[in-house]
Amino acid sequence: MSAVLERAQPTWESTAEHELTRENLALLLDNRISAIRIRGFATPAECAGFAAAAKKGRMQYYNVSDRIGYIGLAQYQYRWNRTKEEFLADVPQARADVEEVFAQSFDPLARLMERLQAAWDRPVDFAREGERPYFAGIIRSTSDKIDLHVDWAPVNSPDYAIGAIDGQLGWNFFAEELESGGHTTVYNAPWNPLVTPGEIPKSYGLDHALVEGAPRFTYRATAGDVVIFNTRNPHEVAPGTCMPGGSRVSIGSFVGRMPAGNLVLWA
Ligand SMILES: [Fe+2]
């Protein structure tokens with residue numbers, strides 16, 4: 001841990017779950033509340049249909065030893081070793097892969113964007129580099145833990161259009177839940193690392209000393225709900241146990257607020 005890293009000051013005024021409204025969305029983007037939950041975002045039949053369609057979809061794995069399956073792509077996979085052009089060129093295939101799942105069930109991404117747009121007075125759309133859209137709506141199937149990390153594009157991706165955002169949220173829709181465990185904990189210690197020009201600081205596998213004593217919010221994924229939180233706060237997911245024969249299928253993306261106030265989505 002760097003000696004020059006100052007302890008982040010807490011910013012939350014509430015650690016409860018809030019409803020999706022214009023005011024709460026602004027408070028979440030400003031990191032003043034811990035979370036928004038959209039209860040009953042999808043029916044049990046839609047959840048079952050989505051999980052079944054995802055399992056028949058073009059599921060890929062980061063490597064053979066872990067069990068985190070995904071459909072689509074994640075922009076952060078391209079940050080270090082691959083170019084922005086390679087990233088943008090892969091977007092259409094990723095989009096086709098998730099649309100195949102949506103066509104067999106329902107489209108949680110479009111529904112979520114409609115819900116956000118209904119609550120927000122500026123445009124809600126995919127993030128773009130010039131005219132070219134990012135991918136949003138990565139589907140995952142896993143019960144594995146996810147180590148303490150932050151997702152904050154101004155520091156993670158300064159050379160991308162999303163580097164200009166002034167607030168970053170992550171939403172997840174869960175079509176299936178675990179038998180036990182798998183809860184997500186968010187720590188209100190907003191990330192503000194010392195940045196060396198030309199270097200992207202490590203944002204994954206963070207030291208827990210960074211969040212010691214910080215206010216925390218823990219939630220359990222419940223099938224049919226969407227939960228949204230501010231991903232500049234360090235967060236982690238505990239390992240879980242699947243239902244017999246099950247997994248945990250989810251879909252999610254980031255939502256950033258651009259300087260003009262419009263919201264942009266990417267995964
Ligand atoms: Fe994250």
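1. Secondary structure. The protein chain contains five helices and 18 strands; helices (H or I, at least four residues) and strands (E, at least two) are DSSP runs, numbered from the N terminus. The model is a predicted one, in which local features need pLDDT of at least 70, side-chain atom pairs count only at pLDDT 80 or more, and totals for chains, interfaces and linings use all residues. Residue numbers start from 1 along each chain as its sequence is written.

2. Overall dimensions. The C-alpha trace of the protein chain spans about 50 × 45 × 40 Å along its principal axes. The radius of gyration is 18 Å, in agreement with the value near 18 Å for a compact globule of 267 residues; this quantity is taken over C-alpha atoms, and the globule rule is 2.2 Å times the number of residues to the power 0.38.

3. Of the 267 residues in the protein chain, 39% are buried (20 or more other C-beta atoms within 10 Å of the residue's own; exposed means 12 or fewer, partly exposed in between; C-beta atoms are placed from the backbone). Contacts are defined by C-beta atoms, placed from the backbone, that lie within 7 Å. Among contacts between residues at least 6 apart in sequence, 81% join residues at least 24 apart.

4. Nonpolar core. The largest nonpolar core has 65 residues, and those with the most contacts inside it are Ile139, Ile228 and Trp266. Such a core is a set of buried Ala, Val, Leu, Ile, Met, Phe, Trp, Tyr and Cys residues joined through C-beta atoms within 7 Å. Leaving aside neighbours within four places in sequence, the contacts of Ile139 include Ala54, Tyr70, Val98, Val101, Val249 and Ile251.

5. Cys47. This residue lies in helix 2 (residues 44-56). Cys47 counts as buried because it has 23 C-beta neighbours inside 10 Å. Not counting residues up to four places away in sequence, Cys47 touches Ala42, Ala175, Glu176, Ala223 and Gly224.

6. Two bridges join strand 9 to the antiparallel strand 15 (residues 235-237), and Ile146 stands opposite Val237 in strand 15.

Terms used
Contact = placed C-beta atoms within 7 Å. Pairing = 2+ DSSP bridges.
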